[in-house]
Amino acid sequence: MSDEANKGLLSPLRRKLLMGMAAVPAITMLPRASFAQAPATSAVNTTGLAVTDTEVTVGILHSATGTMAISETGSIEAEKLAIEQINAMGGVLGRKIKFIQEDGASDWPTFAEKAKKLLVNDKVAAIMGCWTSASRKAVLPVMEQYNGMLYYPTFYEGLEQSKNVIYTGQEATQQILAGLNWIAKEKGAKTFFFIGSDYIWPRTSNKIARKHVENVLKGKVVGEEYYALGSTQFNSVINKIKLTKPDVIFTDVVGGSNVAFYKQLKAAGIDLAKQPLLTISVTEDEIDGIGGENIAGAYACMKYFQSLDNPNNKAFVPAFKKAWGEKTVIGDVTQAAYLGPWLWKLTVEKAGSFDVDKIAAASPGVEFKGAPEGYVRIHENHHLWSKTRVGRAKLDGQFELIYETADLVEPDPFPKGYQ
Amino acid sequence: MTDNRFFNRSELIGILVLAVFLVVVLPLTLDVFRLNLVAKYLTYAFVALGLVICWGYGGILSLGQGVFFGLGGYCMAMFLKLEASSVENTKIQSTPGIPDFMDWNQITALPFFWKPFNSLTFTIAAIILVPGIFAWIIGTAMFKRRVGGTYFAIITQAVAAILTILIVGQQGYTGGINGMTDLRTLKGWDIRPDHAKIVLYFFEVGCLFVCIMIAQFVRHSKLGRILVAMREKEDRVRFSGYSVANFKIFAFCIAAVFAAIGGAMFALNVGFMSPSFVGIVPSIEMVIYTAVGGRLSILGAIYGTLLVNFAKTSLSETFPELWLFGLGGLFIAVVLAFPNGLAGIWGDYVQPRIDRLIASRKSKPDGWTDSSVADGAPAE
């Protein structure tokens with residue numbers, strides 16, 4: 001092009017224009033030059049992921065519709081907030097994060113289909129997503145087959161470990177054991193009554209809890225009952241509770257069933273201020289539906305409460321409310337979802353690469369000091385070291401922190417002696 | 001003469017167009033991921049095809065086809081799951097050699113009803129027979145007592161709800177709400193890589209055409225005419241000496257078996273089976289596919305299934321939070337404006353124009369292409 005320009009007779013104006021055009025590429029080069037330390041794409045992306053000189057694409061895969069939308073919306077919001085904050089700080093390896101959101105529609109095969117679409121068609125560098133165990137189990141073979149990276153936020157039953165998944169929530173022993181220890185010591189509890197929803201997570205959690213009660217605490221499980229997902233009739237189990245008078249009611253009832261359960265418990269005259277109840281399935285999100293007055297006094301065992309008093313959380317809560325509205329509440333899983341993009345960013349920077357294999361290898365030992373829950377670190381088994389906390393539900397729907405473990409609890413997805 | 005047994009000329013053209021579309025056009029234009037999605041959509045086409053016979057011709061509205069889809073799918077999935085749960089694959093479990101979900105539920109030995117599913121022959125037989133016999137039992141219990149119409153639809157719905165609860169509740173034996181995931185090989189042949197997906201797609205299309213032929217045969221046989229007569233005036237058929245119940249049972253069984261084949265294909269193509277295809281909502285969705293396509297048209301039902309599922313995928317990819325409204329709008333629009341679905345649009349608007357075009361080109365009438373017989377229009 002410039003050869004031709006030299007040959008022709010050019011008016012000064014045209015010459016100026018041409019010079020200007022020649023300068024255009026130089027200008028577009030500028031932003032790239034300004035990220036002096038941003039490494040070349042060819043060096044950080046050897047497997048054909050959606051990484052350009054200025055952008056990297058990740059996927060967000062949750063249910064925006066269907067029965068799970070009410071739970072998963074918080075996770076979507078937290079992940080978007082984290083991505084926005086990371087971008088405001090300059091992105092990852094000099095690249096802004098762009099996200100593609102897909103709807104799992106509360107339908108497990110749809111999750112698998114969308115995960116495949118994100119990996120195969122969109123070549124996303126990582127996926128933040130899934131919520132229920134069922135959706136994770138559906139997505140897992142896809143992640144392993146196409147070598148993707150999933151950041152999974154929910155506390156779950158354990159018995160799983162994959163190179164292609166980072167579990168940012170607690171596995172069962174992390175969530176249960178410290179809480180049981182605390183309540184046994186604090187309340188001198190010897191007898192426990194278990195109530196759960198009927199699927200893999202409550203069943204596995206209660207199995208672990210039962211072994212711990214019987215073998216470690218030397219207590220007794222006086223009842224164990226399961227209800228189908230979505231059940232709203234708990235009167236018979238409440239009668240059994242009244243008959244057996246357990247020291248502690250231990251519950252992992254999920255979703256909308258909680259509303260009926262706590263209302264009926266209250267109506268039956270069981271006062272949670274006097275009858276200790278420990279739940280591993282109620283967060284601030286659920287209390288929104290249950291109503292603070294129906295559950296005040298119950299203990300919940302989690303790793304995060306919105307009311308936590310630490311500098312990270314004091315910055316996180318207002319930022320979240322500013323982004324998503326003053327009335328939103330932040331539950332345990334929402335916070336864990338917020339960790340996903342941050343842990344991924346830190347891992348990519350540690351590995352110096354977006355390649356999934358390198359991220360999987362670099363993940364153990366990655367620590368995030370800015371976590372709202374305090375401090376977390378990734379274990380060799382791709383779960384997080386984190387503290388277990390017990391909170392007491394208050395009338396206003398928030399939890400008051402009652403107890404936290406002194407140290408981080410080691411994740412142990414395949415606990416010996418509990419299977 | 002055999003031509004008349006299966007289809008007239010315009011139906012033959014329709015089937016050939018569909019064959020070219022599925023066998024040539026789609027594989028050439030779509031990447032493997034999208035082709036696999038089409039394979040998934042086509043599994044529902046089996047169900048829609050069954051509904052055309054059962055609902056469109058026989059007038060028996062079943063809102064429980066998910067039951068049969070699920071039974072077929074679970075039979076296939078049980079075979080695949082057993083193969084994926086070999087001792088070396090499941091070393092990590094406390095009882096190696098049984099499916100992972102059994103291990104999680106403290107089951108230590110393979111239940112007796114799982115054992116025959118080690119055999120592929122048994123599995124294939126079960127895919128056809130289990131839903132077939134189940135449909136026969138329901139059909140006999142209902143139709144012999146002259147339960148029909150709305151009551152029958154409600155009962156099929158109840159069956160769908162019961163089966164879902166059963167599967168979810170018996171999670172040690174069925175995988176519960178998670179379903180059966182991580183299906184890997186069929187007789188040692190890996191069903192997950194791209195080339196396997198392509199092979200499975202063509203296999204599925206082949207099976208679909210076999211089913212289309214069966215449906216065409218039923219439609220053109222005396223049996224099909226009795227079904228239509230029953231739909232229009234049941235009592236007259238009964239008074240003419242036909243056993244209405246038996247014909248209804250037959251239509252219901254054939255719809256069930258088609259649905260089960262679809263379910264088995266689903267397990268193979270998607271590598272997954274879960275109770276979310278068994279319940280009331282998916283069953284109703286399957287009826288919607290048929291309604292959109294046109295419940296009186298065999299080919300219409302297939303195009304309807306493809307269209308609705310394609311819309312579902314593309315709308316949900318583009319508008320992850322609003323797509324359900326778009327889909328709902330599509331259903332309402334189709335059902336209100338075109339009660340006979342896509343096939344109705346074709347038969348009322350497109351086909352007559354084509355016929356007129358052909359007729360105006362030809363100066364002398366041709367016995368073979370008599371347009372009054374031409375049948376894109378589904379009504380008999």
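Two residues are in contact if their C-beta atoms, placed from the backbone, lie within 7 Å. In chain B, 79% of the contacts with a separation of 6 or more are between residues 24 or more positions apart. This is a predicted model, where local features need pLDDT of at least 70, side-chain atom pairs count only at pLDDT 80 or more, and totals for chains, interfaces and linings use all residues. Residues are numbered from 1 along each chain as its sequence is written, while chains are lettered from A and ligands numbered from 1 in the order in which they are written.

Q: Why is Ala105(A) called buried?
A: A residue is buried if 20 or more other C-beta atoms lie within 10 Å of its own, exposed if 12 or fewer, and partly exposed in between, with C-beta atoms placed from the backbone. Ala105(A) has 24 within 10 Å, so Ala105(A) is buried.

Q: What makes Asp182(B) count as buried?
A: Asp182(B) has 21 C-beta neighbours inside 10 Å, so Asp182(B) counts as buried. Asp182(B) also has a positive phi of about 60° although it is not a glycine.

Q: How do you know that the radius of gyration of chain B agrees with a compact globule?
A: The radius of gyration is taken over C-alpha atoms, and the globule rule is 2.2 Å times the number of residues to the power 0.38. For 380 residues a compact globule would have a value near 21 Å, and chain B has 22 Å, so the two agree. The C-alpha trace of chain B spans about 80 × 50 × 45 Å along its principal axes.
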